[in-house]
Amino acid sequence: MVSEHYFFLKRIKDQSVNKFTSIVILLSVFIYSCKSVSVDTVSTVDEFEEVMKIVNPGDVITLKDGVWENSELEFYAIGTAEKPIKLTVENKGKVTLEGQSNIRISGEHLIVEGLVFRNGHTPTGEVISFKKDSENLCNNCRVTECVIDNYNPSERHDSDYWVGMYGKNNRFDHNYLVGKRNRGVTMAVRLNSTGSLENHHRIDHNYFGYRQLLGSNGGETLRIGTSHHSLKNSNTTVEDNYFEMCSGELEIISNKSCQNTFRNNTIFECKGTLTMRHGNETIVENNYLFGNGKANTGGIRIINETQTVRNNYCEGLTGYRFRSALTIMNGVPNSPINRYFQVKDSKASNNLLVNCDNIQFCAGSDAERSAVPVNTEMKNNIIYNTNKDEVFTVYDDISGINFEGNILSPNCLLPTNKGRNVSSGFEKKEITFKRVEGVLRPEGYDDIGPNSDKERPTAGNTGVSWYPNKDYTINFNTGKEIKAASGENTILEAVKSSSSGDVILLEAGGLYHQSKAVNIPHALTIKSDGDQPIITFERSSLFNIENGGSLSLEGLKISGDKCDDYAGNSVVRTSRYSMINNYKFLASDCDFVDLDVNHSFNVLRVFKNTFADSISLMNCTFDNITGHVLNLNKETEDIGIYNGENIIVENCRFNDIGGVAINLYRGGRDESTFGPILNLKSTTFNNVGNDKRNKEDSAVSLHGVQVADMNNLSFKNSKKLDMHLVVGEPVIKVRNTVFENSDGLTSNDDAYLKENVTMKRSQK
Ligand code: CA
């Protein structure tokens, strides 16, 4: 056994036994080593490194059970096809690499098995790297049954990859990657040197788990290639993987090289798409995409040449534009390598799309992206949606797409070209579907949709069996109820004894005073047991949503009249530091009053590098406030980063607010995110925005917001509703809105729906 030999040799050296004995032992050890396969258990990185100096083909190195803190493993060795060298663990699940740990693999015929990375982050750019450095890559290696769980730095915009695949003929299989939160692709196949081209890697049976919205570009789950190397062949196969709620950004899978195959993967409730962003000759077949009606769940996006999309299954996908169930893009004439190549010679055939909201052709058509698809075919697909008639959107000339043998549900409208229905190539027909093992099968059309011979990937048959599946979605009201009696700091005491999902119940009509700020470390609901209790506080904030925290307030009255007399107080604030976890802040049936002890008193104060998954204000009143209510404008670099995704304000009343009621800011021209998304309904603004410190000079300011539905609003004696529409074909509606003695509605662009918007002037 190599390590025993090593330690034995070390010992005899230490004990200075005579040279002759040493040589005899050395020789016998050498002869023994040459003919045997050895198994070594190591318990420190130093021991591992010593073993690596004398490792032989066929050897197995075993990491001892326990926590390996700050352990950077350099697994550099040469095995053979018959005798690979294996790095494994004593017991799967009992070896965890924590703190600043990672592994680099280079050489030939190596196997890595059973590593778990958690409670920390990689000190380098990758957690698992298939290379030592740019010269020394890994070939014919396999990484299997490894776990990377929530292994993130504290800064959300510090970039890293969890897996960087280099070299050739490597396999990454049966791994579980869950909870990546910072910027950077979860797994990247790199083609940045000749040693990594035509790599024939296989990525299979992995479980790609929950990935939260990043709120910026750089949240892809799997990327193969980069635009720079995108016209080179990668020949990577991605099959039998399960992608679950991978919702970092628009691209879940970003194909950026040639001749890759994506086969028999399940993409479950992912808010994004499988995108053929760059590179040609991609095959996308037999994949299962389930949206379950969730917002922004996307499908397959075709760009470039000679792409084949066949026998895929899409159900319940709601996404539109670039994340439609099926998108065929427009390209840029003579496109630079990093823009959009024209779609040519591509095929979408035998796909089954059931209850998917959108199929879009020539998406992205604009002055730059003017090259329409050519010599492209859409044949023998079933598109069935009895809930929505208008499934097709056509942005440009689709005469370059040949339609043939497609079947539509009878209610579906035909796609149009230059205002005329595309008459041939579509047949409207009732079809009977039967659900078999979770998948709808159209009776009489066995060749349409995925072939059921192969097992469909699920959470159960991918990843590892010995590690628990993690649910990292933010959930309220899942825990116990804790009663907090009226009095001083009783809310704080209740929060201290709480766990995630708990509900803190306040006495009906109770009087609560906090002389200390309350840190919210996990998801908590604080609600009244009847009539609104009143909460007063002294410090610069009442609730601090710390990293990992989320807060729901129900039926409370919060008054600022006992606050310390400082400028810049707030009721709720986020962490002052980068929050790697997204948060939610919800308030319903709450009154926020008398936040006026000094200037710039906010309801919610957010800091840079924080991101709200959602903020919802329902049936709330805001009265007599010197600062802002929602001011989400801390990302000022104009690179597409912003502070919150879903903002819902419904049935609220804003009265005498010095600053803005709502300010959402997303600068730059990036197209890889969906938000911010605003739903603003049945709400009144009375004397809002008039404080001289309000730099926005608005009551509501929306900059770079991508979706805003505003309906039934009333502005009185208030500053303007200002919109700056940037990119992403924003979908903005302003309906049934009255501005009375107010500055009205302003916008840089009139590409939005304006309906029943009136201006009134009367005596103040
Ligand atoms: Ca992207």
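Modeller: Exposed means over 50% relative accessible area, buried under 20%, and partly exposed in between, with a 1.4 Å probe and protein chains only. The model is predicted, so local features need pLDDT of at least 70 and side-chain atom pairs count only at pLDDT 80 or more, whereas totals for chains, interfaces and linings use all residues. Residues are numbered from 1 along each chain as its sequence is written, and side-chain values use heavy atoms, without hydrogens or water.

Colleague: Which residues of α3 are buried?

Modeller: An α-helix has 3.6 residues a turn, so residues three or four places apart point the same way. In α3 (residues 45-53), Val45, Phe48, Val51 and Met52 are buried. They fall within an arc of 120° seen down the axis, so they line one face of α3; the arc is that of the directions from the helix axis to the C-beta atoms. Helices (H or I, at least four residues) and strands (E, at least two) are DSSP runs, numbered from the N terminus.

Colleague: How many residues does the largest nonpolar core have?

Modeller: In soluble globular proteins, nonpolar side chains tend to be buried together. Here the largest nonpolar core has 85 residues, and Ile61, Leu63, Phe75, Ile103, Ile128 and Phe361 have the most contacts inside it. A nonpolar core is a set of buried Ala, Val, Leu, Ile, Met, Phe, Trp, Tyr and Cys residues joined through side-chain atoms within 4.5 Å. Helix α3 supplies the largest share of this core, 4 residues. A second, separate core of 73 residues includes Leu492, Phe543, Ala612 and Ala708. As for Ile61, the residues it touches include Phe48, Val51 and Met52; contact means heavy atoms within 4.5 Å.

Colleague: Which residues coordinate the calcium ion?

Modeller: Donors are N, O and S atoms within 2.8 Å of the metal (3.2 Å for Na, K and Ca), and sites may look incomplete because water is not among the atoms. The calcium ion is coordinated by Asn217 (OD1), Glu220 (OE), Glu249 (OE), Glu249 (OE) and Glu251 (OE), at 2.3 to 2.7 Å. Glu220, in the loop between β19 (207-208) and β20 (222-224), and Glu251, in strand β23 (residues 251-256), are 31 residues apart, and the pair links distant parts of the chain. Both Glu220 and Glu251 are buried.

Colleague: Where is Thr282 placed, and what does its side chain contact?

Modeller: Thr282 is in the loop between β26 (273-278) and β27 (283-285). Its relative accessibility is 0%, so Thr282 counts as buried. The side chain of Thr282 makes a polar contact with that of Gln307 (2.8 Å). A polar contact is a pair of N or O atoms within 3.5 Å; within protein, one must be able to donate a hydrogen and the other to accept it, and residues adjacent in sequence count only if both atoms are side-chain atoms.

Colleague: Which backbone features deserve a look?

Modeller: A cis peptide bond joins Gly675 and Pro676, with omega about -5°. Asn169 is not a glycine, yet it has a positive phi of about 55°; at 37% relative accessibility it counts as partly exposed. Asn296, also not a glycine, has a positive phi of about 65°, and at 11% relative accessibility Asn296 counts as buried.
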